Amino acid sequence: MLLSDQIKVKSLEEHIPIVREKTIAYILNLARENSYKNVLEVGTAYGYSAACFFEANFDVTTIEKSEKNYQIAMSFLQNNDHIICVNKDAIDFTTNKKFDLIFLDGSKTHQEELLNKFYQFLNTKGTIIIDNIYLKKFTDKTLTKNQIKLMEKVKKFEDYLKNQQKYNAEIIDLDDGIAVISKP
């Protein structure tokens, strides 16, 4: 069984969200088409997408804020020279390294801040992918006050992407919505 399959099973058993099939396939295809070599992921969870990137022959640096999730991810990923796991709040992360692909799949409440921070770590012809632009899981049910606030923040971020001039941004209605950002 592939490492990603093992992590997927554990994630689903424990109700830990993972990137959807079509989204990861899209990202991996884009990375292969552009001959990308390395990936920075914000939001490791249990390490499913990091394992997918590794299995597709990318070097991966992945950041996870939760100590519990980090420890579980490390139990799967620790003996691998091509995956670096960092237990840190993404806001506090810094590096001198540049990345071909940056996958932002962490906190939905700080997306604009994370995009602006991590853009500096993007190689000239690189791409940033942001997952869960639409949060469709909330559209067909009664929402709590916190879910309503989250939806408002996500919508505000979507509007920001559509109206800013700093980045080339395209929003794609794939799975839960992704934003594809590149340097102009």
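Student: Which residues of α3 are buried?

Tutor: This is a predicted model. Helix α3 spans residues 48–55, and six of its eight residues are buried, so the helix is largely enclosed by the rest of the structure. The buried residues are Tyr48, Ser49, Ala50, Ala51, Cys52 and Phe53.

Student: Which residue takes a positive phi just after α3?

Tutor: Look past the end of the helix, at residue 55. With a phi of about 75 degrees, the residue is Asn57.

Student: How many disulfides does the structure hold?

Tutor: A disulfide needs two cysteine sulfur atoms within 2.5 Å. For Cys52, the nearest cysteine sulfur is that of Cys85, 14 Å away. Cys85 is in no disulfide either. The number of disulfides is zero.

Student: Is Cys85 buried or exposed?

Tutor: Buried means under 20% relative accessible area. Cys85 has 15% relative accessibility, so Cys85 counts as buried.

Student: How are the rings of Phe53 and Phe103 arranged, stacked or edge-to-face?

Tutor: Two values describe a pair of aromatic rings: the distance of the centres and the angle of the planes. Here the centres are 6.0 Å apart. Planes over 60 degrees apart count as edge-to-face. The planes of Phe53 and Phe103 stand at 80 degrees, so the pair is edge-to-face.

Student: How many residues apart in sequence are the parts that Phe53 and Phe103 tie together?

Tutor: Both residues are buried. Phe53 belongs to helix α3 and Phe103 to strand β4. The pair therefore ties together parts whose separation in sequence is 50 residues.

Student: Phe93 and Phe118 also form an aromatic pair; what angle lies between the planes?

Tutor: Phe93 sits in the loop between β3 and β4, while Phe118 sits in helix α5. Their ring centres are 6.1 Å apart, and the pair is stacked. The angle between the planes is 25 degrees.

Student: Asp100 is buried yet has no salt bridge; which side chain of opposite charge is nearest?

Tutor: Asp100 lies in strand β4. A salt bridge needs the charged atoms within 4 Å. The nearest side chain of opposite charge is 7.1 Å away, and it belongs to Lys37.

Student: With which side chain does the side chain of Asp100 make a polar contact?

Tutor: Asp100 touches several residues, including Tyr36, Leu122, Asn123 and Thr127. The polar contact spans 2.7 Å, and the partner is Asn123.

Conventions. Residues numbered from 1 in each chain as written. Predicted model: local features only at pLDDT ≥ 70, side-chain atom pairs only at ≥ 80, totals over all residues. Heavy atoms only, no water. Buried < 20%, exposed > 50% of the residue type's maximum accessible area, 1.4 Å probe, protein only. Helix = DSSP H or I, 4+ residues; strand = E, 2+ residues; numbered from the N terminus. Lys, Arg positive; Asp, Glu negative; His and termini not counted. Polar contact = N/O pair within 3.5 Å; in protein donor to acceptor, adjacent residues only side chain to side chain. Contact = heavy atoms within 4.5 Å. Phe/Tyr/Trp six-rings, centres within 6.5 Å; stacked < 30°, edge-to-face > 60°. Lists of a residue's contacts leave out its neighbours within four places in sequence.
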